[in-house]
Amino acid sequence: MQTPEKPTPKEEQMGMPERQAYSLNSRKVAEATRSWLEKRGIKIEEIAELVLFLQKKYYPGLTMEECVHNVEKVLEKREVQNAVLTGIQLDVLAEEGKLLSPLQEMIKNDEGLYGVDEILALSIVNVYGSIGLTNFGYVDKLKPGVLERLNDKSLGPVHTFLDDIVGAIASAASSRIAHNKQSEREVEIELPKEPGDD
Ligand SMILES: [Ca+2]
């Protein structure tokens with residue numbers, strides 16, 4: 001709910017009306033994230049397939065269902081939602097020719113020396129710690145599954161930011177799995193608790 005903010009003394013002096021305070025609607029941000037990924041042709045299952053590709057050699061019993069669940073958990077994070085919305089917005093604006101030159105041409109042509117797309121994606125990778133970084137580099141190099149499609153420039157749409165974002169979400173979900181599997185293992189072998197472990 002937005003509540004009007006009291007005008008500052010200066011505004012009152014100038015006869016300005018009460019302002020609407022900005023307040024963030026978290027649910028809206030989460031919904032917009034899901035809906036923009038979908039509009040840009042990305043299915044959660046495709047990201048989950050990348051996770052399975054990255055993790056199956058470490059956890060042979062890992063299921064697609066677990067991968068989907070971990071992708072969903074990553075997408076609940078605000079840092080992730082912020083990066084998704086920012087990157088997709090820039091892709092869309094570049095596609096429509098609405099950015100200012102020379103940024104317009106750089107993003108449209110996925111200029112090799114640009115690199116801000118990768119930097120933005122790192123804010124997703126870092127959510128579950130630096131172990132996601134290795135996976136991020138790995139998928140960026142191999143471009144398996146959905147990443148191959150996103151990198152095919154002949155198809156038309158601009159995905160300069162989206163390819164890194166999708167790779168980053170898969171990498172973060174992989175880190176989340178690794179962290180959780182480690183905790184499960186520690187419970188299984190009943191490691192003695194250290195003081196203050198609870
Ligand atoms: Ca890129």
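The report below takes up these topics in turn.

## Basis and overall fold

This is a predicted model, in which local features need pLDDT of at least 70 and side-chain atom pairs count only at pLDDT 80 or more, whereas totals for chains, interfaces and linings use all residues. Residues are numbered from 1 along each chain as its sequence is written.

The protein has 10 helices and two strands, where helices (H or I, at least four residues) and strands (E, at least two) are DSSP runs, numbered from the N terminus. Along the sequence these elements follow the pattern β-α-β-α-α-α-α-α-α-α-α-α. Of the 198 residues in the protein, 29% are buried; a residue is buried if 20 or more other C-beta atoms lie within 10 Å of its own, exposed if 12 or fewer, and partly exposed in between, with C-beta atoms placed from the backbone. Among contacts between residues at least 6 apart in sequence, 72% join residues at least 24 apart, a contact being a pair of residues whose C-beta atoms, placed from the backbone, lie within 7 Å.

## Packing against helix α10

Helix α4 (residues 64-75) packs with helix α10 (residues 162-188) at an angle of about 110 degrees, their axes lying 9 Å apart. That makes α4 roughly perpendicular to α10, since angles under 35 degrees count as roughly parallel, over 145 as roughly antiparallel, 65 to 115 as roughly perpendicular and the rest as oblique. The axes are lines fitted to C-alpha atoms, for helices over the stretch in contact, and the angles run from 0 to 180 degrees between N-to-C directions. In this contact C67, N70, V71, K73 and V74 of α4 meet I169, A172, A173, R176 and I177 of α10, and these residues divide into seven nonpolar, one polar and two charged. Here Ala, Val, Leu, Ile, Met, Phe, Trp, Tyr, Cys and Pro count as nonpolar, Asp, Glu, Lys and Arg as charged, and the others, Gly among them, as polar.

Helix α5 (residues 78-95) also packs with α10, at an angle of about 160 degrees and with the axes 9 Å apart, which makes α5 roughly antiparallel to α10. On the α5 side V80, A83, V84, G87, I88 and D91 meet L162, I165 and I169 in α10, and by class the contact has seven nonpolar, one polar and one charged residues.

L75 lies in helix α4 and counts as buried, with 20 C-beta neighbours inside 10 Å. Leaving aside neighbours within four places in sequence, L75 is in contact with T33, R34 and V80. T33 is 42 residues away along the chain, yet the C-alpha atoms of L75 and T33 are separated by 8.0 Å.

Helix α2 (residues 26-39) has 14 residues and reaches 20 Å from its first C-alpha to its last, close to the 20 Å expected at 1.5 Å a residue, the expected span being 1.5 Å times one less than the number of residues. Just after α2, G41 takes a positive phi of about 85 degrees.

## Backbone geometry in the loops

Most residues other than glycine have a negative phi, and most peptide bonds are trans. The peptide bond from S101 to P102 is cis, with omega near 10 degrees, and P102 is found in the loop between α5 and α6 (103-108).

D110, which is not a glycine, has a positive phi of about 50 degrees and is found in the loop between α6 and α7 (116-125). D110 is partly exposed, with 17 other C-beta atoms within 10 Å. K143, in the loop between α8 (132-142) and α9 (146-150), likewise has a positive phi, near 45 degrees, and is partly exposed, with 15 other C-beta atoms within 10 Å.

Technical notes:
Contact = placed C-beta atoms within 7 Å.
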